[in-house]
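Work through the exercises below with the sequence and the model at hand. Each task is followed by a stepwise solution.

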Amino acid sequence: MKEQVKKIKGLIAVLFAVVFLSLLATASAYAAEGPAVMITNYEVEPEVLMPGDTGTITVTIQNMGVLSTETETKTMTTMYTTATKTTSTVSAEIETIRLSSRSRDIEWFREGFQRSEYYNVGALGSGESISISLPIKAAAYAQDGTYFPEVCIEVENGENVRFPVPVKVDSSEVEIFEQDIPSEISLSESKEIVIVVANNRPNSVSGVNVRVKSKSDGLEFTPERIFIGDLEAYGKKEVNFTLTSFVAGNKEFSFDATYKNGINSHQNELKSSILVKSIADVKLILVNAPESVLKGEVAKIDFDVANGMAKDIKAVSVMPAIEGLRILPSEYFIGDMEVGDVFSASFDVYTRDLSIGDTKIPFKLVFRDVDTDRRYETTGYVVHIEVKEPQKSELPNQVLFFAMLVMLVLAAVLVWIRAKRKRVRQKVG
């Protein structure tokens, strides 16, 4: 009996020892493993930044930690042991997430506040994941290349994480250049021009838009804006515009291409020019104009207007293209002109307000197309007239000279008469 009691007490002692060792092993396993946090994926937007661009680094954080324990149990009846495996999970307490960079070329983007990290992100259960976006900015002076800012994760009850993310910077732009723009065009003519938009970047861009930014008077573009949309890396797109001219002369114009790299807006500009010539067109021909006039005189200028086009025109007018000078009429209206017609136009220029010296007086010719009613304008003709100072009158001096001469003659005559009378008296006496 006593021996059986001793055996039972011995078994109980062994059982308590096994349970104690199992609990100790479980505690040590919990302390040793803890939650395992990893970055399982990342994405940079835009894929390649330009100097000065802002963007985001989006990382996926996952708690990989799973706590496993194994317990050995002895039974009294069969005297053999059995192993029981239990699994428990541990939450990861994430304190902060921040971005660390060795240079200032790629940094946490601060806008309106000084925060440069996320605080008290929260708990992440075993197997759970979360996506966090970190705002970044490439410095305006950043050189082309690949940078490796580190995403740093501080875990309260586990190992901290430092994960380098490659961020590319490339200063290549979307360019716009001429494909087919004529150097000259005839007045009232329409021509198609072709320009090319080329994406020189290693990543695609979005929202590409081409528009006429500026143009000289007398030019019309159809359409004035063309939307391209997305443009793939190293891709290009041709766009066509129709150009119509209404005023002769050298005309300047420009296009610009706007696009987005991520959320960042950029643009590039193309400047060009075209010479609008009046060839076989309506011409203003100078017939008569004085080379010089005295200031205050009226200078008469005569023109012929000839329709050299292959069709009739209407509302033809000749008018001075200068302000501050009295010229009559202010507009010489001719009206309709058939093919080959020639009409005259005359103007009187009042020179009282002109300065002494050479004066340029420009005239322009305007008309409308019979079919489209579009208004056209030529540079016409520039008349050069020299304005001279009027000569001062010499009449007062001449009158004085003649008056003195007459007085001298009269005096001589009087002296001669008196002398003659004196001689007569002497003879008589």
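**Exercise 1.** Identify which residues of the largest nonpolar core touch the most other members.

Solution. A nonpolar core is a set of buried Ala, Val, Leu, Ile, Met, Phe, Trp, Tyr and Cys residues joined through side-chain atoms within 4.5 Å; buried means under 20% relative accessible area, exposed over 50%, partly exposed in between (1.4 Å probe, protein chains only). The largest such core has 58 residues, and Ile195, Val210, Phe221, Phe241, Phe255 and Val305 touch the most other members. Another core, of 28 residues, lies apart from it and includes Ile39 and Ile106.

The model is predicted: local features need pLDDT of at least 70, side-chain atom pairs count only at pLDDT 80 or more, and totals for chains, interfaces and linings use all residues. Residues are numbered from 1 along each chain as its sequence is written, and side-chain values use heavy atoms, with hydrogens and water left out.

**Exercise 2.** Find the salt bridge of aspartate 369 and state which parts of the chain it ties together.

Solution. A salt bridge is a side-chain nitrogen of Lys or Arg within 4 Å of a carboxyl oxygen of Asp or Glu.
1. The partner of aspartate 369 is lysine 311, at 2.4 Å from N to O.
2. Aspartate 369 lies in strand S30 (residues 357-369) and lysine 311 in the loop between S25 and strand S26 (313-320), so the pair ties together parts 58 residues apart in sequence. Strands (E, at least two residues) are DSSP runs, numbered from the N terminus.
3. Aspartate 369 is buried at 5% relative accessible area, whereas lysine 311 is partly exposed at 33%.

Conventions. Helix = DSSP H or I, 4+ residues; strand = E, 2+ residues; numbered from the N terminus.
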